[in-house]
Amino acid sequence: MDKQERVEIVNSLIKFISDRGGRYFYKKDTLLRKNANNVAYMKLKGGRVYFVDDWTEQDVYAYPNGKDRDGFSHGGTLWALICDFGDFIRNGGNTNGSHGYGGLYSEYWGYDDQSIKEVIAYAKEIGYLKGE
């Protein structure tokens, strides 16, 4: 599987997350546009992996160096998840939880139990998480 295929897997997962629970990665109104119905996504640009923020609509370099988070509108738990997504896109393999907070298995999301179970099951189905 190449990087672009892994981008598509992660974007499918982000969309799935945005449709449940607290609707992370989704904004009805963005910073610059009203009624945008914007869902965040990942993309490749110049060989690097970027997160396009749902609120600011800015490209944010998806690498855990801690200083290039300008334009990221979410907190630390979701930043760790974005860094996990970036690692998965760059390298493949199991990267969930590599950057702290437990990844998709985190207890700190604020999602209800049913929604997080659905997210985990979907992540396994599409090949982001390994089955147990």
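Biologist: What are the ground rules here?
Modeller: The model is predicted, so local features need pLDDT of at least 70 and side-chain atom pairs count only at pLDDT 80 or more, while totals for chains, interfaces and linings use all residues. Residues are numbered from 1 along each chain as its sequence is written, and side-chain values use heavy atoms, with hydrogens and water left out.

Biologist: At what angle do helix 1 and helix 3 pack?
Modeller: About 160 degrees, with the axes of helix 1 (residues 3–18) and helix 3 (residues 113–126) 10 Å apart. Helix 1 and helix 3 are therefore roughly antiparallel, a term for angles over 145 degrees.

Biologist: Which residues meet there?
Modeller: From helix 1, Ile9, Ser12, Leu13, Phe16 and Ile17; from helix 3, Glu118, Val119, Tyr122, Ala123 and Ile126. Contact means heavy atoms within 4.5 Å. By class, the contact has 8 nonpolar, 1 polar and 1 charged residues.

Biologist: Is Phe25 buried or exposed?
Modeller: Buried, at 0% relative accessible area; the cut-offs are under 20% for buried, over 50% for exposed and partly exposed in between, with a 1.4 Å probe and protein chains only.

Biologist: And where is Tyr101?
Modeller: In the loop between helix 2 (76–91) and helix 3. Phi of Tyr101 is positive too, near 65 degrees, but Tyr101 counts as partly exposed, at 45% relative accessibility.

Technical notes:
Axes are lines fitted to C-alpha atoms, for helices over the stretch in contact, and angles run from 0 to 180 degrees between N-to-C directions. Helices (H or I, at least four residues) and strands (E, at least two) are DSSP runs, numbered from the N terminus. Angles under 35 degrees count as roughly parallel, over 145 as roughly antiparallel, 65 to 115 as roughly perpendicular and the rest as oblique. Ala, Val, Leu, Ile, Met, Phe, Trp, Tyr, Cys and Pro count as nonpolar, Asp, Glu, Lys and Arg as charged, and the others, Gly among them, as polar.
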